[in-house]
Amino acid sequence: MTCAVRETGGGWRCAGVRWPREVPELGWSRGGDRRVSVLAYGAGLGFRAVGERHCVGARGNVCPLGAVVPGRSTGGRCAECARLDRAHSVAADTMADDPRTYRVYLAWFGPGMVKVGITGEERGAARLREQGAVVFSWLGRGPLMAARRTEEVLRAALGVPDRIPYAKKRSVRGQLPGPEERAGAVAELYARAAALEGRGWPESLERLPLEVVDQVGVFGLDRAPDPAPVRAVRELVDGGVLAGRLVAAAGPDLHLAVADGGVVVLDTRLITGWDLMAETGSDVRVPLIDIGGGGVQGGLF
């Protein structure tokens, strides 16, 4: 079985991984059209990059400049489209009158890596899967500004960030502790957060009970082969090939078992804006970098 990579002679470009359900999907765009390819663990997945990488636009709109963007950019947008996309995001705090209900969550990515964040209630746990949260629990629900205020209170009082770099998440993903320790880390953080109720916690935010959700199985990390990944794709280049067997996925990252017996991690934010042609087999002909150490592995391009 081979995961679908669309032939792009008709102008389809990859929009990266999304997690609307508990299976990863590759999104594709062509003008205003959108399609998805559902991915499956154990299946083959391969592609060859063609031409130049172009800006993916903002808020579902095509980049008016058709700008070329750098291969190492995880945003995949030109400066103008990046500004427009950010201006309309929840993180920009420009939607104070948003009538929707939001949830505050606590997320664990590995030993010593916890964060607090918010997401729209109608999205369910999609945001947690998109971030690669290994374990999480909801903390509360309420209006946007109450959720945002609670996030700020927890960050200051508990000393936890609102974001963790993906490079740090990758560096520990292959050596996760057991389920009891993972759940305990989130339960301990929840208890510390709940103790702050009444001390800066907005009255309009309803606290939700502790319910630890472990996503190791969702990400396929419980079935991923040893040894753990030590290499990641640094960037794509014209004619670059990456093909292998999909063994796991977390957030934007796909873990591919390749010909030499190792596993290479692909951050799919690096493939947005590229025209991709389907490839079969098991081959790596793109620049790689060591996970965690930052060293470049040469000889590939």
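**Strands and cores in a predicted model**

Student: How many bridges join β2 to β3, and which way do they run?

Tutor: 6 bridges join them, and the two strands run antiparallel. Two strands count as paired if DSSP finds at least two bridges between them. Strands are DSSP runs of E, at least two residues; helices are runs of H or I, at least four; both are numbered from the N terminus. This is a predicted model, where local features need pLDDT of at least 70 and side-chain atom pairs need pLDDT 80 or more, while totals for chains, interfaces and linings use all residues. Residues count from 1 along each chain as its sequence is written, and side-chain values use heavy atoms, without hydrogens or water.

Student: What stands opposite Trp28?

Tutor: Arg35 in β3.

Student: Which strands make up the open sheet?

Tutor: The order is β1-β2-β3, 3 strands with antiparallel pairing. β1 and β3 (33-38) are the edges, each pairing on one side only. Strand to strand, the twist averages 25 degrees (axes are lines fitted to C-alpha atoms, with angles from 0 to 180 degrees between N-to-C directions).

Student: Switching to β5. Is it enclosed or open, and why?

Tutor: Largely enclosed by the rest of the structure, because 8 of its 10 residues (101-110) are buried. Buried means under 20% relative accessible area, exposed over 50%, partly exposed in between, using a 1.4 Å probe and protein chains only.

Student: Which strand does β5 pair with over 8 bridges in residues 113-120?

Tutor: β6, in the antiparallel sense. Tyr105 has Gly117 of β6 as its bridge partner. This hairpin has 2 residues between the strands, and Gly112 takes a positive phi near 75 degrees. β5 also runs antiparallel to β7 (135-143), again through 8 bridges. There, Thr101 partners Pro143.

Student: And Tyr102, buried or exposed?

Tutor: Buried, at 2% relative accessible area. Tyr102 is in β5. Its side chain makes a 2.7 Å polar contact with that of Arg100. A polar contact is a pair of N or O atoms within 3.5 Å; within protein, one must be able to donate a hydrogen and the other to accept it, and sequence neighbours count only if both atoms are side-chain atoms.

Student: How many residues are in the largest nonpolar core?

Tutor: 37, with Leu26 and Val233 among those with the most contacts inside it. β11 (241-250) is one of the elements giving two or more residues; β11 gives the most, with 5. A second, separate core has 19 residues, including Val116 and Leu144. A nonpolar core is a set of buried Ala, Val, Leu, Ile, Met, Phe, Trp, Tyr and Cys residues joined through side-chain atoms within 4.5 Å.
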